[in-house]
Amino acid sequence: MSKPVLATATLAGCFGCHMSLLDIDEKILDLIELVEFNKSPLTDIKNFTKKCDIGLIEGGCCNSENVHVLKDFRKNCNILVSFGECAIMGGLPAFRNPIPIKECLEEAYLNGPSVKGNNKSGIIPNDEEIPMMLDKVYPCHEIVKIDYFLPGCPPSAELIWNALTALITGNEMELPYEVIKFD
Amino acid sequence: MADIINFTIDGKECVAEKGTLILQAVQENDIYIPTLCNYKGVKPQGSCRICTVRANDRLTTACTTPVGDGMEIENDTSEINDFRKSVIELLFVEGNHFCPACEMSGECELQALAYRFQMMVPRFTYQFPKREIDARHPKILKDQNRCIRCKRCIRTIKDEKGRSVFAFFGRGKNIEVNVDPVLGSKLTDKLAAKAVEVCPVGSILPREKGFRTPIGQRKFDHEPIGSEYKH
Amino acid sequence: MGNNKVQSAIRKYNQDKTRLMDILIEIQKDENHISDEAARIISEKLELSIVDVEQTISFYHFLSRESQGKYTIYLNNSVVSNMMGGKIVAETFENEVGCKFGKVTDDGLIGLFDTACIGMSDQEPAALINGNVFIHLTPFRVKEIVRDMRAGKDVKKMHTSYLGGSQNKSEYLNSVVRNNIMRMGPVLSDDYNPGTIIMKNLPQLTPEQVIEEVKSSNIRGRGGAGFPTGLKWEFCRKAKGDKKYIICNADEGEPGTFKDRVILTEKPKLLIEGMVIAGYSIGATEGILYLRFEYKYLEHYLENVLKEAREKNLLGKDIGGIKGFHFDIRIQFGAGAYICGEESALIESVEGKRGEPRDRPPFPVEKGYNDCPTVVNNVETLCSTVKIMLNGGEWYSSLGTPESTGTKVLSISGDCRYPGIYEVEWGLTITDILDMVGSTDVQAIQVGGPSGSLIGPEEFERKLCYSDLVTGGSFIIFNYNRDLLKNVVLNFTDFFIEESCGSCVPCRSMTPLFKQKLEKILSGNGVASDLEDLKNWGKLMKINRCGLGHTAANPILTSLKNFKYLYEEKLERGKEYETGFNLEQAVSESCEATTRVPEF
């Protein structure tokens, strides 16, 4: 039997959730035995080369690029998992959500203390190569269907491990109290 | 001798003194009911609705309803627990609760309830409302993003003349708890500390202090909220 | 100068903090807002904190901290108003006044605001301007009115149409409001000389005997909840308390209801007599008429009726010659909050606070106004008790059906030939009612206002009674030209979002989510699971504290039950899951800010 295929992505996140995935220490060797990695920053595979069983999404969606990647993952993965607070609820990037995007951009490029007076052109970057910003940072499940959620900032290595093994083996996932945390 | 009455909780026979509120009666029988707007020593008001039980087939809040003789109370049922989980989820989406960046993470009752009820993600859409932080007062900060409008501060913190330091502002989804501009600036150390203490979340914070307890030693790091009750 | 007015308002109400509502309403009227300075002075004199004063101000729609303009227009934005052309009237107001709703013109002359149903559903579109009612508005009239404002005309002189009938044209009222009494029954009938019961019958009866008579009629509260009136009086009579109160609930805020306004206009003496009878029964010395702010135009008229009653010894000391029976009535105005129609919220409001419903028990009959035993009765209920005392409980119970005795005054509006009020016996079917008001081709009826149900033709054989279709009396009729989801259900849901007191979590937070879900479906992004969500979420509303919270999702839940096909028509076919996320929409704001053409 072929090994289940795993893909991962970081959208509007800090890569901390991926670091936590690596934090499963020597179990990473077990994981490599259990699964095959496809598209992921860990493998540097840029495009899906086959249909995957599980997709792990870190980070919410703050721009059009994030949305495309997320939709691509939805198309290519049977099971999609939001892992970490940013994927689940926007996380720290979503601090901007109550503020209109125009104000955010102006603060970042025109009026903020580090840019005021220095941005002579007065232009907010608008090259068409740059992804378009969304009006707010969206939790992933408010864009596509997400099957499972692993909270935490980052989710503990134990939670990630428990979840992955449960998904791979089809067993019930263990959720001891200390494993689910939002911070 | 006070009158003793009989009642059942999820089928279990229990006794209580007549006139006891359901919440207390249930707790005296070592059974847990989640609470949030309720605070020891303060008149209950039943606004968060999280302690809802089915008493004689009527939905009611345990913190405000006296237990009756022969009353049949449903507490730990899938229906009731789902109501409670829904309330927790509603509170998470109606405000801006960024746990990773909150000074009260690990000590917050709302977060602890979410842990206990295993909220992985709220079923409702996040609202991300625009809310302010009131930093005008010398001893406390009031962060409206995290306020769950439980009224615990409103009911507890009064000045020497009995005037409220905190009060509601507005109504409906935009309701907020405001700090009095005059009385807020005159808060004594004792009252300021009390205000911080009664707030179940990180909405009222002491100034110049924060993240005092290291992760791993915080109130809800190892044991779920309500662990003092056996069932 | 402003300060003097504030000071005198405070003095007028004896620096009594339970009269905060009256003080605020008075200042608002004089200054068209309550300034920082006014709030500070009130807080000092009443020994309240400033946030406590603001707590009350910010709760009520008609009180404000910013100036609302020399002329303040409140245009009704209810379903019925919109059906009768309210939208075009609103647009004309915006164009003529030169500002959007919710704003005041730069010169401070005109403030333009919308408001929930003002009790004129039989003569919409209607507006309140500085407390005066304007009915049957059209773009033509709007232009005239705005011109008059610019010319500085007195609001009272802006009426061009003839005054409303009967008491509306009396010297204390001078109002264009129409009564539209389409059918009188034994309660509203003109064949009675008010005061007779007080003068002739009461002196012969003990309070207990009065209560027995009312109990024998089996009348139940006409506000909608239907609690047996006699029993309520008996509980209060038996409750321990030095002082007791009877409060008449004339808050009539349920959109589509206007019967109390007509009764207050045409039968105020009957109402006063009902309050005196109730007061005598329960042992009250004070009655309070809680009148919604929208009916402030009735103030002088009603004050005069009270004055006349005092002169005739129908109020005051030793009423009707009964030694020791002292009783008087004062009017308490609300300031714009639907929730204050709930009796415990109403009591909080009378005490000068935000109208937040109380936990029960204790019930108001044990601990009500100022913690004293209090009966709160609807206008119609109190009027009915006079006729019960006149003709006997047995007579009354012979009307209607055996379990729903007597008559009910209905407020009927919407798509019907003869909108107005109808007093009918309980037990009529919906079909009977539609025949009575001249309605054909009916798609749906909203029975009992937004908190009631939206029902369709398959339920038109249902009967008006407590065991079948209970109602506080409001019927809004919709023909097949009406878009029920977009123009009715959405409007009612907005109404509940606006009117939630904000205390209970599900009421304040879930109702907006219901609206979002409905909008998702209306925009064509709904899937079958969305309908399931609505149904499941609806269950949570039952854990709210009060009736508003219990019913806030009813517009959606009852339409989903009775008009499911309307929802299903809008769903995306063959799709199991859809978040409704729209990338083009989500990037449009940032692209605009960076002058960038969105590309996909």
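Axes are lines fitted to C-alpha atoms, for helices over the stretch in contact, and angles run from 0 to 180 degrees between N-to-C directions. Helices (H or I, at least four residues) and strands (E, at least two) are DSSP runs, numbered from the N terminus. Two packed helices are described by the angle between their axes and the distance between the axes.

Now the background. This is a predicted model, in which local features need pLDDT of at least 70 and side-chain atom pairs count only at pLDDT 80 or more, while totals for chains, interfaces and linings use all residues. Residues are numbered from 1 along each chain as its sequence is written, and chains are lettered from A and ligands numbered from 1 in the order in which they are written.

I start with a helix pair inside chain C. Helix α12 (residues 268-282) and helix α13 (residues 299-311) of chain C have axes 10 Å apart, at an angle of about 55°. That angle makes α12(C) oblique to α13(C). On the wording: angles under 35 degrees count as roughly parallel, over 145 as roughly antiparallel, 65 to 115 as roughly perpendicular and the rest as oblique. The crossing of α12(C) and α13(C) is right-handed. A crossing is right-handed if the near helix is turned clockwise from the far one by less than a right angle, and left-handed if anticlockwise.

Which residues make this contact? From α12(C) they are C:Pro268, C:Lys269 and C:Ile272, and from α13(C) they are C:Leu302, C:Val305, C:Leu306 and C:Ala309. Contact here means that the C-beta atoms of two residues, placed from the backbone, lie within 7 Å. Six of the residues are nonpolar, none is polar and one is charged. For these classes, Ala, Val, Leu, Ile, Met, Phe, Trp, Tyr, Cys and Pro count as nonpolar, Asp, Glu, Lys and Arg as charged, and the others, Gly among them, as polar.

Next, the domains of chain C. There are domain 1 (2-57), domain 2 (71-161), domain 3 (183-397), domain 4 (407-482) and domain 5 (485-570), with bounds from an automatic or database domain assignment. Between the C-alpha centres of domain 3 and domain 4 of chain C there are 27 Å. In their contact, domain 3 of chain C supplies 19 residues and domain 4 of chain C supplies 21. The domain 3 side has seven nonpolar, six polar and six charged residues.

Chain A is the next item. Six helices and seven strands are found in chain A, in the order β-α-α-β-β-β-α-β-α-α-β-β-α. Its C-alpha atoms fill a box of roughly 60 × 35 × 30 Å along the principal axes.

How does chain A meet chain C? The contact uses 18 residues of chain A and 15 residues of chain C. On the chain C side, eight are nonpolar, four polar and three charged. Helix α5 (residues 101-111) of chain A and helix α24 (residues 583-593) of chain C cross at roughly 40°, and their axes come within 9 Å. This makes α5(A) oblique to α24(C). The pair has a right-handed crossing. A:Ile101, A:Lys102 and A:Leu105 of α5(A) meet C:Glu589, C:Ser590 and C:Ala593 of α24(C).

Last, chain B. Its contact with chain C takes 36 residues from chain B and 32 from chain C. Which element gives the most to the chain B side? That is α2(B), with six residues. By class, the chain B side has 17 nonpolar, 11 polar and eight charged residues.
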